[in-house]
Structures are given as C-alpha cells and as structure tokens.
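Please examine the sequence and the model displayed below.

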Amino acid sequence: MDKELELMREQLALLQNKLDKEVTLREESLRKLLSKGAFTFRNRELVAMAIVTFAMLFMPPILYSQGISAMLCWFTGISFLLALFYNIWHYRTLHIGHILDESLLQAQSDLQRYREWAHKGLFYVAFPWLMIWLPWYAYETYAMHLPNMVDESMTYHVGYVIGMLASMLVGGLIGGLIGYFSIYRPQMQLARQMQEQIEDLTRE
C-alpha cells in the first residue's frame, strides 16, 4: 500500500512538473510576442511624433510664404506643438516597460487607457481642430485672391469658393484616411491584440 501511494505521489509530481514546464514555455512564447508588439508599438509612435514635428517646423513657414496671415501661421504652429506634447504624454502613460517585466496587469490597464485617450484625441480634438482650421484657411485664401477677381461675376465667385472647399475637403479626407489606416487603426489593433495576449497569459 505504501509503495502504491509513493508511486502515485511520484506520478503526480511528474505530471505537475510537466504542466509547470508547459506553462513556462507558454509564458515565454507570449512574452516574446508582447516584446515584439511593444517594439512595433514604439516605432509607430515615434513615426507619428516625427510627422507632427515636421508639420510644426515647416507648415507655418510654408503658409506664411503663400501670404497667409501670421495669426493663422502661429495658430497652426502652436497647435502642432501641443499635439506633439500630447503625443509624448500619451505614449509615456503607456509605460511600455510594464509589458517587458512582471507588471502585466498594469500593462493591460495602460493599454486600455491608451486606446480610450487615442479615441478621445481623434474625435474630440483632431476633428474639431480641423473644423476651425479649414474654414479659416479657406477664408484667408479667398480674401487673398479677391482683388484679382473684382471684375468677375457672382457665379464665378461662388464656383471658386465651392471648388476651393471641395479640393480642401478631398485633400483633408485623403490625408485623414492615410493617417487613420497607416497609424491610428494599426496602433489600436495592436493594442487590442496585446491586451488579449496578456489576458491569455494571466488566465493561466
């Protein structure tokens, strides 16, 4: 009887050891995926910050060279500067290091908060800003060319304004779609995938 109990204990110990190894291998595999995801995540954020920095440095001078008012140029430059600060703060709140250490629950919370703030930034900041900037730019462009259209008919003026607004909307839509599908959407999908991986790992 004692031998049978001892044999059962040995078998249970071997089974437990096997399960522990399987869990360890699973954890290592998931952590490698998380590490790769974190690296990709960081690189995309750096690209987004580089684009904002480029726009902040070069867009105001270009607008000013076209005859746009200094006020709109300053508004544009300051807006992109604030956007850069926001992107830096937004990325730092993610604490990407949590993904590479033991604080997986904290990483999961950070990723959820990152997704929520990204959504708010897009719909409550970026879109309202465009609703201010585009009409302002259209008005100044029209006013700048108005002296050259004094002798034109009202129909010409209306057509000019409609054509200008249409081209701006199309350009803005194309640029927005490129940014959405090349940076915003992939980042949100990657954040969700990383959350799911952490859930799989912490569920064990």
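The structure is a predicted model. A search of the whole structure for salt bridges returns one. Its partners are aspartate 110 and arginine 113, whose closest N and O atoms are 2.7 Å apart. Both residues belong to helix α3, which covers residues 104–145. They are three residues apart there, about one turn of the helix. The two partners can also be described by their accessibility. Aspartate 110 has a relative accessible area of 1% and is therefore buried, since the cut-off for that class is under 20%. Arginine 113, with a relative accessible area of 28%, is partly exposed.

Attention may now turn to glutamine 195, located in helix α4 (residues 154–203). Its relative accessible area is 6%, so glutamine 195 is classed as buried. Which residues is glutamine 195 in contact with, leaving aside its neighbours within four places in sequence? They are Gln108, Leu111, Gln112 and Arg115.

Trp74, Ile78, Leu81, Leu82, Phe85 and Ile88 make a nonpolar patch of about 610 Å². One of these residues, phenylalanine 85, is placed in helix α2, which comprises residues 70–92. Phenylalanine 85 counts as partly exposed because its relative accessibility is 49%, and the exposed class requires over 50%.

Technical notes
Residues are numbered from 1 along each chain as its sequence is written. This is a predicted model: local features need pLDDT of at least 70, side-chain atom pairs count only at pLDDT 80 or more; totals for chains, interfaces and linings use all residues. Side-chain values use heavy atoms; hydrogens and water are left out. A salt bridge is a side-chain nitrogen of Lys or Arg within 4 Å of a carboxyl oxygen of Asp or Glu. Helices (H or I, at least four residues) and strands (E, at least two) are DSSP runs, numbered from the N terminus. Buried means under 20% relative accessible area, exposed over 50%, partly exposed in between (1.4 Å probe, protein chains only). Contact means heavy atoms within 4.5 Å. Patches are made of residues with over 30% relative accessible area and no salt bridge: like charges are joined within 9 Å, nonpolar side chains (Val, Leu, Ile, Met, Phe, Trp, Tyr) within 5 Å. Accessible areas come from the Shrake-Rupley method with a 1.4 Å probe; for residues, only the protein chains shown count as cover.
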